[in-house]
Amino acid sequence: MKQKSLLRMSGEIVWYMVVFLLIQIFVTYAVSIAEVLIAGGDMKSIAANGGASLKEISTTGLIVSNIVSSLITILIFLRARWTLWSRDYLASRPWGVVFWVIILSLGLVIPSMWMQEQLHLEMPEAVEKMFTDMCSTPYGYFTLAILAPWAEEVVFRGAILRQLLKIFSRQMHWIPIVISAVIFGAAHMNMAQGANAALLGLLLGWMYYRTGSIFPGIVFHWSNNTIAYIVTRLRPDLADASLTDICGGDANKALLYVGFSMLIVLPALFQLFMRLKRGKEKKR
């Protein structure tokens, strides 16, 4: 019976990922095809070219597809109760947690840049261009910093990690946290974003495990994406710059920046360790 239960839960995790990816693909292609039709194309030409590709989608179409896919994802996962939503954690008024989560996200910006530089990870040019284009409009902020964090936390922590935590005992809670972080990184489909997402996934998974709520993760995700949006909007020339480049080519200066950032990160982690407490969650 236990083996059947494990197989069922593993199957559910795979199903969550399949649904998540299918929503992204279907909506993106639907919007892309709609743009071709609006521009005067026809279904015959679309079929002859194998469908409208992601490369052909405009910035507006990309924003629309992200908004629609995020909303569909949230609605499906909450409606199907794959993710359990409760106001109990918010009822505990965790405003101190919110403050330190934001401080932590600010402190991690420079160490994240340094890590990517040391691993020689560069974002694919097409992905970088899409991100920069989306940051050129306020509507891009709505999808990148509001809806995307909510949708991803609903899927990767609220559904996938919740199921993984059922499979492993509480003494082995880091195993499901690591697995969910790896899945989260892989879902970004490129090494530069994936490596950073996987490391942040460890932190997001830990926050979910400690509280049983996706709320702290949404706050962190929102703050992290907001910082990226603001920096890209104000200084698009820094989108592909390394930390050493920003420091004028001085690697030692870059290390000093990382060290200073850790003076923010470590106290924030300590405060969160003390403050992240499980709310009256719904039964897993």
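A surface patch here is built from residues with over 30% relative accessible area and no salt bridge, and nonpolar side chains are joined into one when they lie within 5 Å. Keep in mind that you're looking at a predicted model.

**Overall build**
- The chain's secondary structure comes to 13 helices and 0 strands.
- Read from the N terminus on, the elements go α-α-α-α-α-α-α-α-α-α-α-α-α.
- For 284 residues, a compact globule would have a radius of gyration near 19 Å, and the chain's 20 Å agrees with that.
- The C-alpha trace spans about 60 × 60 × 35 Å along its principal axes.

- Val14, Trp15, Val18 and Leu22 together make a nonpolar surface patch of about 380 Å².
- One of these, Leu22, sits in helix H1, which covers residues 2–38.

**The second largest pocket**
- This pocket holds about 290 Å³ of space.
- Its lining counts 14 residues, and those nearest the centre are Leu108, Ser112, Leu199, Leu200 and Leu203.
- Which helices each supply at least two residues of the lining? They're H6 (109–118), H10 (191–211) and H13 (251–275).
- H10 gives the largest share of that lining, with 6 residues.
- By residue type, the lining splits into 12 nonpolar and 2 polar residues, with no charged ones.

Key:
Residues numbered from 1 in each chain as written. Predicted model: local features only at pLDDT ≥ 70, side-chain atom pairs only at ≥ 80, totals over all residues. Heavy atoms only, no water. Patch = residues over 30% accessible without salt bridge, like charges linked within 9 Å, V, L, I, M, F, W, Y side chains within 5 Å. Areas by Shrake-Rupley, 256 points an atom, 1.4 Å probe, with all protein chains shown as cover. Salt bridge = Lys/Arg side-chain N within 4 Å of Asp/Glu carboxyl O. Helix = DSSP H or I, 4+ residues; strand = E, 2+ residues; numbered from the N terminus. 1 Å grid on protein atoms, 1.4 Å probe; cavity = no way out; pocket = protein on both sides within 12 Å on 5 of 7 lines; lining within 4 Å. Points joined across faces, edges and corners; volume = space filled by probe spheres on them. Nonpolar A, V, L, I, M, F, W, Y, C, P; charged D, E, K, R; others polar. Rg over C-alpha atoms; globule rule 2.2 N^0.38 Å.
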